[in-house]
Structures are given as C-alpha cells and as structure tokens.
Amino acid sequence: VKLFCLVLTLAGCTARTNSHAHAQPIPAAEAERVHAGVPGDRIAYRFIDHAGDAQLTSPPLGDAWRLLSYPAKLVDPYAGLRGDDATRVIELALPDADVAAYGTPHALATERARALRFDPVWNRTRAVYESKRALFAVGESRYNFEVTPVTKGELQLAIATPPASNAIEFVIELDGKPQLKRTITANEAGIWISITLPAPNVHQVAFVTHGNEAQTAFWGAPLLLDRGGGAPRFNVLFVVIDTLRSDALPVMPRLQRLATEGSLFEQAITAATWTRPSVLAMLGGDLPTAIGQSAEEMIPSDGDRRRFYAVAPPLLPRVMEAHGYRAVAIGNNFFLLGYPQIGLTLGFDEVADIRHPMLDTPAITNAAIAFMEQHRDEPWLLHLHYDAPHWPYTPPPQYLKKLPPIPFPQDAMARDYLGEAAYADEYVGRVLDALDRLHLSDRTLVVVLGDHGEIFDHAHSYTIQALNQPTLHHHGWSGYDELLRVPLIFRMPGTVPPKRLAQQVSLIDVEPTILDVLGLPQRPGVRGRSLAPLWRGEMQAERPAFVEGQDVRVVRAQQWAYLRRSDGRVTLPGGKYEDRTEELYDLAADPLEHVNLAAAKPDRLASMRALFEHEAPTQRDAPISVLHLRVSPGDRDHVVDGTLHSDGAIALRGVAGAEASPVDAHTLKLTLRGAAQVDLAIDPPTAQLQLALRRDGTPLLPREILLGEFGLPLMASAKQLMLDGDRLTWIDAVRPPVPGERGEVLLWRDPSKITPLALSPTKKSSSEVAGMMRRWGYAQPGGR
Amino acid sequence: MAQQRCPWETEKTVRIWRAIARVFRRALGSGPGAGALALVLFFGLDFVGATFEFMGFSADETATNRILHRYGSQIVRDQLRVLLTYVVVGALLGTIGTLIGTWWDRARNRNATPWLRARRGILAALVGHAYFFTHSVVHYPQIYSEAFYDRGGVRRWAMVWLTDHLTPSMLDIGLLAILLVALARPLLEQRARDLAFAFLTRLASSRAVRWATAPIAIGLIVIFGIAAIKRPAPSHARRPNVLVLAVDSLRADRVFAKDAAQRFPALAKLAERAVRFREAHVTVPRTFPSFVTLLTGRFPHHHGIRHMFPTAAQRAAIGPTLPGVLRAHGYHTAVISDYAGEIFSRTPMGFDNVDVPYFDMKTIVGQRGLAVHPNVLPYATSDLGRLIFKVVDAMPELSDPARLANRAIAQLDHAGAQPFFMTVFFSTAHFPYASPDPYYRRYTSRDYSGPYRYQKPPLAPGPRDEHDRQQIRALYDGAVAATDRAIERILDALDRDGLADETIVVLLADHGENLYDYPDRGMGHGDHLEGSAADHVPWLWIDPGDKLTPHDVPGVVRDIDLVPTLSGLLHVPTPTTDGVDLAPLLRGEKQSLELTAYQETELWFTAGGPGFGPDERLPYPTVTGVTDLADDDDVFLQPSWQDTIIVAKHRALRTDRWKLLYRPTRAGVRWSLFDLAADPDERVDVLAAHSDVAAMLERKLYAWMLEDRRMSVRGGFVVPR
C-alpha cells in the first residue's frame, strides 16, 4: 500500500563521504634530496592542497554544488575537507566529443559535447572525458591564497564553466592587482580553457569570479611553478597495455627493444585478473583487498566506496604529488574516474579518459606527446593506459599483415588479438621516440606492463555458473597462467641495467620499485617489495604470488599453481556440469595447465591450501576509530567551546568551521562556531574520554549532548560527560546520526572495526550484471 | 539539366509515400478505418497539455533519465498498447456506425459515398467514445480528477457538471435512445419496413433457427438443473469454512455507531447477529505489518515486518501463518483484494489463490503512462481492459468494492468440497477514499469546491478549514458505505450458495483511521499512537457451528489473538504465537481476559506532522531518503536505516483501564499515562497523579520491547546492544 512516494527514490542522490586523511607533508631534508639541483621547473605551490587554508568569500558552496545538475562531478575525497568546505575541492570531467582529433590542435565542438548522454554507471558514451581536480566557485566568489614568492613564478591552470551556462567572468589577482580577466561565454561553456600567467615574486594570489548565484565555475588543477627552480631528478612514464599476455611480446618489436635497454621480468604475475583491481594493486603496492576494494564486485557498493575513501590508501599518484610532481593519466580505462559507479578516483591531478574502442590508441599517443612537449622541464608522473588488445579485437588491417608466426594457443581470434598487440606496440614506440626527441629518456623511468592476460586456450573454456560468464576470450574470472603472466619492463639508462630476470615477481612490487628508483621512502606494512635489488644482482628469495579475481583467487609458488573458486560450479562446452572449486597444477611438468592434480596430489593440495590461507589478504580496517563532534546548523549561530580530555593520545583528523588546539597530548581546546565539526582519533580507542563544553558561555549539560548512531541523550542523568569502558561503545555508530537542524551537539564514533559487507551477489543480480556488461561491450557475447 | 532532388524524393521513397497515402485514403473511406483514425487522434490530443509529473512531483532530469534508462522499453510498449486500444475501439465503433449506415442505405436503396461512410464511422466513434468516457467519469471520477478537476478552469467545471448532473444509468438510457432512433428512423420508409419484415420472416423460417431452438432450450434446462442440485448438502463431518472480511482503515466507531443501521446497513445487520469485540486493537496501525501480525499471531519483533519496505529476505522469513497451517490441514486458502492488498503478492502468507494486484516500480511507470491518456481510461479500466492493462488494478483511485465482491462471489459460487479460508480485503476506505458512483457523493456536499472533491489525494496539501475536514470525513463514510454494500452482496451469496451455516465469518480491519478528530491528531494511521482512532478496530465474529449467541465483549483483545482463537475453533494445531485463545469471550463465559495490548508506530514518510512533530520524534530522512530500489524493481528500506527506524518508534501499552505511551525524543523519553475509564478520548495525561501505576506499566512495556533480543535499555531509550 501507499507506495506513492517511491518515485522520489529515483531522484535520491548518493551521499559522498570525504576522507579523513590528508596527504603527508614532505620533510624538508627529504625534499632537498629529491630536488637535487637538476635544472628544470619546480612546483612551488599546489593550490588544491591548500584549499582549506584559503580565505573564501562566496555564496554557500555546498548548496550550489547540490544544485549543480551536471552529472560528471565528484567531491574530491582526498582533500580532507569537511562540511561545506568539502566542496572547495572537486573533480569535474568535461567531455571533448572529437576523439579522432584529441591530442592535436582542433576546434572544440562544444555543441556535440553537450549532446552527449550521461551514463551514471559505465560512462560508455564515446568521447574524451577530461577530469581535473579543481577549486569550485559560485557567483561572486574569491579564493585568497598566501603563497611563497618565487622569482620566476608562473601560474598554470585551466578554467571552465558547466555546459549550457551563461557567461561568467574569471579574474586572477596577483598581490591585489587584476592580472587576467577572462569571460567564458555561453559558447565556450563546458570545455577546459588552459591559462598560463607569469607571476614573479607574488605573495598573494586570488581567484575571483563574477556572476550570479546560479552560476558555477571551476579553477582546474591550479599550480604555481618556479621556472628553473630545480626539478626532481626523474620523471615517470607509466604505461599499462590492457589485456597484454606475456607471450604476445614477440610480435611487439618496440617493447622488445625497450626490454633490451632495460630490465625485463619474464615471470611477472598480475595481482588481479581484471583492470580496476590490477591497476589499484600496481599503484598501491599491495593486493586490491588490502588496499580497500577487492576484485569481486564490478560495481563497488556505496559502503565499499566510503570505506575506500575513508582509508584513503596512499597510491602512487598521491605520493608523487606530495613530493612535488604533477600526476596525469591519459588512457582508455573507465575505472579511473570516480563519478561513474564502476570507478574509483585514484588522486591524479588530471585524467583524460578516452572512451572509444578504435580511435583511442592514436588519441592517447598524441595527447601524451603533447603533454610531454608542453611540460618538458616539469616534474611529472604520466600514466598511459592503452586498451588495444582488450576486446573487441579489431586492429587496423596493416598490423595483421606483418605478424610473424609465434607460439600462441590455436584459436580463430588469436591473430586479431596479436594484431592489436602490434598496433599498441607501434604507438607506445611513438611515445618513446618523443621521449628521445625531447631528451627526456635519460631522466625518465619508463615502466611498461600489462594489467592481465586473456584466455585463448580452449582447454580453459567453460562457463562460470555463479557469474553466468564464459571464460574463453575473457578475463576477470579465471586464474590460469595465460591470464596471470604479463610483460613487465623497467627502463632508465644508468639506473636500470639491461637484464632479463626469470624470477617470479608480482605487480604489487611495481610501486615500491618506482619509489625506490625515485629515492622516495618505502611505505611499511605493504606486501610489495622493490625489485631494484634483483636487477642490481642481489639475491632475494622468490615469494609466492597471490592473485585476486571475480569468484576466483590463485596462489602461485615455486612450480605450483593453486586456484580456488568461491562458487565452483562450471559448465563445460557441451553442457557437462563440473565442480571446479579447487584446481592444482604442476607448472614445471604441465606449463599449459591441462591436468588438474587436486585429486591426485592430496599432500601438495594441503600445503597449497595452507599457503593460500596464509597469503590471502583480509579487508583493511579503517586506520583507527575516528571520533566526531558536530554542531548542527540552527536558527542562529552559537559558539560551542570547551575541552576534550582523554587518557589516550588525541590526534586531530579534520576540522570544519572550528578551531582545535592541543593543550597537551591528552587535552584539546575546542571552539565550534555555528555549524561545525571536529574529527579526532584517540589511541587506544578504549581510553577514557571526558568532554566539558559550553554554549555561548553556559555549560552544556550531559543531556544536551546527543550520543551515538541515533543521536540520543543517553547520559542524561550523569553529572558530567565521561565515557569509559562499555559506555564508549554507546557512541559507536554504523552510520553518522541524523544531524538535525536546531544546533544539536552530536558526538559519535566510527566503529573501531568496520565489518566487511558479507554480501554475496545473488545469481539473478550477477547474471544481470553479466548481461549488462555484454550489452555494453565490456564483455563480448557468448563463448565463441 | 537534371533537377537537384532531396534525398527523400527518390523514386522509391515517393512510391512508398504514395502507398502510405493510399492506405490512409482507403482506411478513411471505410467506416471502421475512419472510426479508428478518429480515436487515434485522441492519442495525440492526450499529449497536448499533459504534465509529465510523477505523483505531483516534477521529475528532474536525473530521475527522468534513470526512469527512461531502466524502463524505456516498457514505456514504449505501454504507449503502443494504448495506441492499439484506440485503434481497436475506434474500429469497433466505426463498424457499428457502418452497420447502421448500411441499414439506412438499404432502406433508401442507395449507395453511400466513401466520404459519407467516413463521416458515419467518425460519428459513431465520437458518439460511442463520448458515452464510454462520460460514463466512466461519472462512475469513477477519481481516476480523472488529476487530468480534469485538479487542473481547474473549464476542465474542472466540465467534470463537476457531469458528476453533478449525470448518473451512469442516465447515460445508459441516453445511449439506448440514440441507438433506437438510429435503428428505427428508416422504418418510416415503407421499403425499410418491407425489408425488415422479410428479414424477420426469413429468420424465423430458416432451418438453422429451427434446429437450434430445441438444443438451446434443453441446454438451458440442464444448466439450471445442475445449478439447482450442484450444491451438496453440508456434511457436518468436515471443518467449517472461514470468511475473513477485512476492511482497510475501518474505524470501530463506524460499526458500533448508533446510526450505523441507516448509514451502513449490512455492517449493522452483521453486528446484530455477531459476537461484538468492542475493544479490539491492532499492534501496528499500517496494513503490511498489521496483516502479518494478524496472520502469524506474533508481534512484529518476532515476525520481522516492522515497516512496509522489508527486503525480499525479510518477507520470506515471517514464519508460519494461519493460512499456511490451514492449507496443511486440507483447506483451500484464498485472498482477494485490490490495491492495498498488493502485500499478498509480494509476501508468501500461505494462500493457494492470491487474487491481488502486484505493485512495484514498473507498476508506477505503467500507471503514469496511462495517466497521460485519460481518454483510454474508460477502456483500460473496463473488465476486459484490466486483462490487458494489469496496472489499473493497483490504482488507489480505482478500488470499487463491487468488483471485489464479484470476484469473491465467483469464488464462493465455485467452492468445492474442500473447506476454504477466504480473506476478502477491501481497500476503498483507505485514503484517497475513492469510492465509485453513487457513494462518492452520498455524504458530500455539492457546494464543495476544494481540492478533495472526489478523493483525498495522498500528496495533496492538508485541509485548510472545517469544510475540507468535513468533506474528507464524508468521502470516508462514502467509501465505507460502498464497502458495506459489497459486503452485503457477499453475505447474500453465502446464503444463496448454502454456505452460511458452515462458514465462520469474521469482520475486522487492519487498522483504523484518524479523521481530524482532534487537530493534534491529524489524518491517517501509524504515525502516532495518540488517541485510539487508528488502532481501535471493529471485530465481529459469527460462528454458526458453535452456536455463539450475539453479545458484546468489552475486554481488550488484540490482533495476535486471532490465530490461536481460530485454530482452536477449527481444531488445528496452533502455531507459536504471542496471542491467547479468546474462546471464553466468544462463548460469553467472561467479559474480559484482562489482556494487555501493545502498539508501535510504523515508518514516518515525511519530516513531521500532527502527533510526530520535531519535538515528538527522533529525526530521520523522509521515505525517499531511506528506501532504495532493488534489481527486481522492488522498493526496500536501506538496511543501514533499519535500526534508526526501530529506535524512533513510539510504543504504547493498553489495558482495560490504562494506556501508557513511550515517545523517544532528543530531549529524552516522553512518557504519558491515560485513564481510559475516565477519559476514553485520551486527552488528559495523568502520569503525575498515578506514578505507581505508570512505574508498573513502564516495566511491562520495557519487558515487551526487550523481547526483541537485539535491544537493550540505555539512558531510558531502547536501542540495539
């Protein structure tokens, strides 16, 4: 009955949660070491990182953000800002519909871009989506930044307004003087317009907009460069070729040449069997589950997404940005952007997601070369993601002609696949040529790798019943070597010696290796290890490789591979049913993995099971339980102040509209004005907690402080608000309490252990997802 | 020099266009074709000025996109179905026009031109459509009020004029008159009379008629004979049937009122010969949890349905139900209902035969697609149309108890040798209180011109003054009267089928209704527990087999007691229940079992209202903020809100003498105590004067709330451990 309101659920929007974590500042001594006087440009000031400190005068940002109907947007989860301030830093993707011309100078077709249909789940409309971390502005607004002056300062940024918006004026003031005025007309709305502005010895930078309250504007990826100030020694060119099997290398002359110039790992094992978790692992130095998003779900749930951003894993782009690099991604990989439901934003300053099955390869190449030309002397991490060998296998015909015969599974589609590999090879080669041409090769660490392979061996062809997916010509849900083994090449003359290394390594080792080469500190507590010692000839014991996938996980050690399915029901070609919960292969005797020894070798099976249990990652918990004190908005603004005392150590995690100053390690003085929030962590979480607050000078009684998930005056009868022992659990909240609108004072705590969501996908829903993926071209129909 | 041609002017396309034009000309030249085309015009006209709103809320772009994305193909299919309906109806009406026209032509011995045939087809289509449309508007004005009355202006005026001045039977007579004139007019001509005479003579003397007469007569005799002897004599060895007549939102005072005999004669007559439970109270005054409580005999924290948006898993785990037990003991179990009974299609409650509509997101999309086409509604809502447009059965504006009675009577007429347990659940008295002709105007005033002329739309703004409130109460009474009439027909059928002597009849309600009895109590049910209008329901119980004598039972009884009582009467094992067997009360051995009734509120749809204002409730988002849409288009409460909603519920406890109210707020728990003996309307809080009673009852209420094993008491609040 009375379901009349349901329709409104359709309009319900997804709540976004901001991260608690900030990027760590760089210790001065280390910065010194990294910027070791190499000629080049230095990033003197990253405005995005200081958005919380900027003085902002503006109409309420939060409201404008909620009203902004443009869908390809996201509150930046890594900026560490809370409340209304969170919307200061956002990510916004604007489409360029002319994929063919992308990366070369071309007229921007804003009309066509506006006509693009938004797809909330898969972002599958063909176009280039240029996403930037940006400052958000509305109407008459002004961001004031105090910057450290540099002699040869230069501002670099891009400005934009949402598609179909009216003219709005952008003004950049340097030390109070307007230095640039630019009106973006309705015609130019919806595209990024790049701006470079000399800013020598400037102390103050103000980003000002003039418009009415309904107009919004974006200051994309603003940076202050110190020309000639000394760049870090090395850049990083990080090239992923999607679905590239290691045995496709013989048809790729450019990569072979690269391998002779640098170190080739002949037995590199991916960490996950499909793109999103695999890229996560290579950028995070750990297995996807441990980083925060497992390989099981194609579409992360809201809870998964919240947890991921709450943990805020320090992925390579964020680490490098914190060390003075600009991190840019160009590629065909729709998992890289946070606004479609399948993706997670990974913290790149700028991402160009090129959504086209055929034109993407030249567009990525052209855009990459243009980027390197424009930012030749600046420090960067450039991540390219080529999609060519991924389904559909449709190479330009000329690449089929020159394919040499190589050992590869007998399959009707193998030639087409290899043609795609050759096609990608040539374009990667062009990027490498440009690197040479720009004299960057000597100080650029080039990393080329595949994110996973593909099943071509017909002995591995069957249908996974739980997912309703075939294995042949697919990846993601099987775990044989042809899917796990990918090329992995590092090149930097003088640092990486030309070598071929036969030891088994994992893609989780890639990020620690890059940090090692750049001279950045390794992160403790991750599974990945730097591979540099191997090419330096130091002996290291080979470690087991663990691989995650959908429905399947693999552990590979010595000559053995052990596969385990969560749901082992498979249908073989011909319709025969089989249980493949466990598989065991002797890779030395049976490298093609045709003979399952699970039944024949019970002892080996037992030891591999034990190894599997040992290596399998568990979901990472949020770092520590975070305590939140919030004052809700009310009719008028009150000042709530007082002290918070704990037996444990108090660490401040974030403030919005509030001041918090530590008196000592155990006491914090707080002042919250109007609607405000303070987040803090207490170590250990069991430590006693005492709160003494006043509102406008009058002491707040315990019954006026609302506790826990439901926001209730649970301590009404107490004399003072003191929480210890069991009472600390009273404030645990699976979900933040409903804030209220009457100046309520709320105190709650994220549970110390976030319990993993035990949701196994139902047959129905997963078959729907399977169907969707087929319809939308992510997976091809049928198991041909 | 060759002339430049547009791409669409190639030889081939020109030929195609000409062929299309030819088809159109031919169609127009025939009566049925012209009739079909005339009605197809309505398909287009419907879109002119149509509002693409969803239940009064304009859908924004995102919502529209999501709907189109998910239901695009369904929308196209629905619209094609509407178009096809227009074509078929138009063609049929055009055919009638053509047949009459041919009769006229024959009479005058001339041939019609194609244009004349077209005019006749169009005229017949328009006259026929005018009849069906007006008839439907007058019969079921609620389904048209959004398109006409609510939009004001000439649309409103026309609709009011129709419903004020016409009745369905007047329209029937009018149409009959037109048909008669059209058929009889040619008889003024001698030639036509000759033709007619010749035709009838030929018909009477034709061999076919003669041969057919005898078998038809014999057939009729056989059919009536079988009907007469079909009903087997009641065998006393078998268990009695049970007929549960459930009326949504029926207040106890409507059945037990002094003037009930005039207003609701069937209910009054039933009450006269029944055991009358005067103080029956439900646990959750909302349909879904209330029915599950009634049919399982268990409290909501035991069967798990705490609100109307449980997940599929929760719906599947409600435990054993009375119909399920009866089915296992040889009963045929059936439930028949209209829109409010959709819960039975989503939740297995042990019924063999579930004749209720289905409701989910697809249904809403289908209903909105129909709402664009008021001109197709007369056909879509007809008995035939409902087979094609299934979504109309789930329309709250179209809940005619007469139709429900038809379905129930058909089942009773075909009752087999198996004993049956049949639940008939009438939705009409639930808001929007949409009752058909003549009930919607029975108690209302013609002069009323406010927003609730024909119904109280759920999302319409609240009443402005006493006139509005009066109108709402009058609509409610009209809806009860319509239901009353349907119940009368069902009980008559029971008599006629000879089932009355072997059938236990229970009349009850899933909850009552606040009807602005006091300004601080508002309208509706399940939002608060102040006063008893929403939880006090009528219970009438007739058991011919056990020879119960009609009498009043003054003691408190609860919905949870139905299962043990019925299973006791029927001699089947009682499933685990929280209730007790009321047999001593039924037999008149006791006045009261001194039972305690417990109550809880349901989900709040809006931010606040009378009885659940900001100071009276714990805040949580409106219904759209806490629900979600599952893959199978089912709406469910997001699990993360489940605890908040349970913690925020108001609870109450009721004995024969006292009522205690627990309302958690952010300023602490608000307790109230009412002395029902002195103050039956619950206006005076006597907590301070009877603190000892309150303390005793508080312990009892906590004990009940803590039966939910997950809960504990902290600072006076009942919260999850």
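Two exercises with worked solutions follow, on a predicted model.

Local features need pLDDT of at least 70 and side-chain atom pairs count only at pLDDT 80 or more, while totals for chains, interfaces and linings use all residues. Residues are numbered from 1 along each chain as its sequence is written, chains are lettered from A in the order in which they are written, and side-chain values use heavy atoms, without hydrogens and water.

**Exercise 1.** Determine how α4(B) and α7(B) are oriented to each other.

Solution. 
1. Helix α4 (residues 114-139) of chain B and helix α7 (residues 168-184) of chain B pack at an angle of about 165°, their axes 9 Å apart.
2. The two helices are therefore roughly antiparallel (angles over 145 degrees, on a scale from 0 to 180 degrees between N-to-C directions).
3. Contact (heavy atoms within 4.5 Å) involves Tyr131(B), Thr134(B), His135(B), Val138(B) and His139(B) of α4(B), and Pro168(B), Leu171(B), Asp172(B) and Leu175(B) of α7(B).

**Exercise 2.** Describe the ring pair of Phe170(A) and Trp219(A) and its setting.

Solution. 
1. The centres of Phe170(A) and Trp219(A) are 5.0 Å apart and the planes 75° apart, an edge-to-face aromatic pair (centres within 6.5 Å, planes over 60 degrees apart, with the six-membered ring taken for Trp).
2. Phe170(A) lies in strand β8 (residues 168-174) of chain A and Trp219(A) in strand β12 (residues 216-226) of chain A, 49 residues apart.
3. Phe170(A) is buried at 0% relative accessibility (under 20% relative accessible area, 1.4 Å probe, protein chains only); Trp219(A) is also buried, at 0%.

Definitions and conventions:
Helix = DSSP H or I, 4+ residues; strand = E, 2+ residues; numbered from the N terminus. Parallel < 35°, antiparallel > 145°, perpendicular 65-115°, else oblique. Phe/Tyr/Trp six-rings, centres within 6.5 Å; stacked < 30°, edge-to-face > 60°. Buried < 20%, exposed > 50% of the residue type's maximum accessible area, 1.4 Å probe, protein only.
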